[in-house]
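Look at the sequence and the structure that follow. This report walks through strands, a sheet and a pair of helices.

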Amino acid sequence: MWTFLSLAFRGLVRNRGRSLLTLLAITVGVGVVIFGSAFGEGVVDTMVQQVVNARAGALQVHRKGYMDSMDAAPLKLDLPDSGAVLEATRSTPGVRAVTRRIRFGGMLNNGTRSSMVMGAGLDPVEEFAVCPDRRAEVPETGTHVRADADHGAVLGGELARSYGVKPGDTLTVTAAGREGAVNALDIDVVGLTRGAAALESKRQLMVPLSHAQGLLGMPGRVTEYVVAVDDLRQLHDVQARLSARLGPEYEVHSWEQVMPFLYGTVGRMRMILGGVSLVLFVMVVFGVINTMLMSVYERVREIGTMLAVGMRRGQVLRLFLLEAAALGLVGGGLGAVLGLAATLYYSGAGIVISPPGSVVQQVVRPEASPAVALAAVAVAMVGALLAAAYPAARAARMNPVDALRTV
Amino acid sequence: MPLIQLKDVHKEYLLGENVVHALKGVDMSVEKGEFTVVTGPSGSGKSTLLNIIGCLDRLTRGSYKLEDQEVGQTDFDELADVRNHKIGFIFQSFNLIPVLDVLENVEFPCLIRSKPEPRKVIRERARQVAEDVGLGSVVHHRPDQLSGGQRQRVAIARALVTHPSLVLADEPTANLDSVTSNQIIDLMLKLNADKGVTFLFSTHDPRVTKHARRVLSISDGKVSEGANDSH
């Protein structure tokens, strides 16, 4: 074996330039796949955290049927804002915190114009316990919904600009209550959101929970409990536990079910990353094929000599496969070191990105995964072996007489 | 028992759409310890004959026995073993492996065996053979650091290191100057005389033919016993 390893190594060193270029292609390919995958997982994690910690929570509890008719904001499918169901939710193992919300549709008026809004009544103390990143929604010029400001409302930035209002101004919100009666209440603008998403920025209205209950004629009622969990990795266990505990009258949805578009985006993102990895893999494979074919063509006479002095076809095959495996192993190893080093550096330093549809910049921290690095090296080796299979078989099939005759 | 024995050996191959009859019923034998030359004009079938005797190619029909073993229709890997154990090759263009030094080139046929001897034994024998052919001072040189004569000596050492029954030399002096050619011929004659190595040459070189103890002529795919006027 040592003879073949030594020969394979010397075969690679013989044309240093070409071998180095191939090695570089493998190194860069593997490095990019490892870093790209780590970056992609970092982006996914940031997106998920953004959703879980700033909007949807990890789980949401509704009255059965609520989600299916959510577009109509079905206030009749409501929940008590205190009592056994809420306590059962809070005391379920794995649940960290619970907040109550009312979601409603309404019209915002300033006396001359009106426009549709998507309203939410929330308890600021509970809300920040479940969605701590909500605090960052409102810039320094205003405040978020406050417990001590009954009429204090937060508007989407675009919505506020379209009305020309700023913190301190007053508007009127009109909405149909649970029983269908239309009611109107004044609100004092206390803050404007930065608008993570364009639609939210144009339609969002947040008021204290008690104010929303008054507007909608729903004292003591809410439309959803939003749940934070201790460990997001245990999300589905907690979901199952909570669902079993609350019974068939209630439905428990995970953030993926509440925001299917975002969940789809995460899936598409992983697919794109997979696609990029595949393209890189194919490029690397073709690079190795080219190198090995050139190597075989340059060494036809030498292969003829080896066959003449008694080398078997299988040994010739092994020799060229060893060369390719060495390229894959060394290139893959270097690529893994490079990819992991870049990942570790940026997981500390962070990468600032602006997600599509958002005006808020986010810091992505790539997540190093030794399993991905190992898999990438293994794939590089297997790819190099696959790429070398044809050139190596070609070398092994040579007729020694023809090979020796080659000039 | 002759070392090699060919009976009614035919070799046909396709050249485009035409069937070429390179050998047309060759009968010949070579005894152990002979120093034989095969001569003939270009295209007469010399190389084809040597390829078949060297087990590099298979005959179309007939019989070829090497040390009484029929090898004419043996499969490729078995032929590889026969070549490795029983035949040494000396090529016109030396055909050394450029990335290996002299010793490594010499020991190469021993290292690729399915059950090689211990490395130390192989190395010692390769060193001894290299010294025997006058390469003692350049054993760690690469082929590109050697003269043409030295390279051919490496090829001779590589051919001898396995203690083959037969050494085939295809135009071994064609790429060498006259002084070096004479040295190489002398070396092979010495090996033949001292160690009983059987040599079979294919050559146009009258200097080689002059020293041959037996000359075979090949013409139009048939072999005949030729006369060597110098003896």
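## The sheet of chain B

In chain B, strand E1 (residues 4–15) and strand E4 (residues 61–66) pair in the antiparallel sense over five bridges. Two strands count as paired if DSSP finds at least two bridges between them. Helices (H or I, at least four residues) and strands (E, at least two) are DSSP runs, numbered from the N terminus. Gln5(B) stands opposite Lys65(B) in E4(B).

Four strands of chain B build this open sheet, in the order E2-E1-E4-E5, with antiparallel pairing. At the edges are strand E2 (18–30) and strand E5 (69–70) of chain B, and each pairs on one side only. Helix H1 (residues 46–53) of chain B packs on the sheet and touches E1, E2 and E4 of chain B. The direction of H1 makes about 60° with that of E2(B). Contact means heavy atoms within 4.5 Å. Axes are lines fitted to C-alpha atoms, for helices over the stretch in contact, and angles run from 0 to 180 degrees between N-to-C directions.

## How the model is read

This is a predicted model: local features need pLDDT of at least 70, side-chain atom pairs count only at pLDDT 80 or more, and totals for chains, interfaces and linings use all residues. Residues are numbered from 1 along each chain as its sequence is written, chains are lettered from A and ligands numbered from 1 in the order in which they are written, and side-chain values use heavy atoms, with hydrogens and water left out.

## Two helices of chain B

The axes of helix H3 (residues 102–111) and helix H5 (residues 148–160) of chain B come within 7 Å and cross at roughly 30°. That makes H3(B) roughly parallel to H5(B) (angles under 35 degrees count as roughly parallel). H3(B) supplies Val102(B), Asn105(B), Val106(B) and Pro109(B) to the contact. H5(B) supplies Val154(B), Ala157(B) and Arg158(B).

## A buried strand in chain A

Strand E10 (residues 224–229) of chain A has six of its six residues buried, so it is largely enclosed by the rest of the structure. Buried means under 20% relative accessible area (1.4 Å probe, protein chains only). Glu224(A), Val226(A) and Ala228(A) point one way from E10(A). Tyr225(A), Val227(A) and Val229(A) point the other way.

Strand E1 (residues 59–63) of chain A pairs with E10(A) in the antiparallel sense over three bridges. Here Leu59(A) stands opposite Val227(A). Strand E3 (residues 95–109) of chain A also pairs with E10(A) in the antiparallel sense, over six bridges. Val98(A) has Val227(A) as its bridge partner.

Note on methods. Parallel < 35°, antiparallel > 145°, perpendicular 65-115°, else oblique. Buried < 20%, exposed > 50% of the residue type's maximum accessible area, 1.4 Å probe, protein only.
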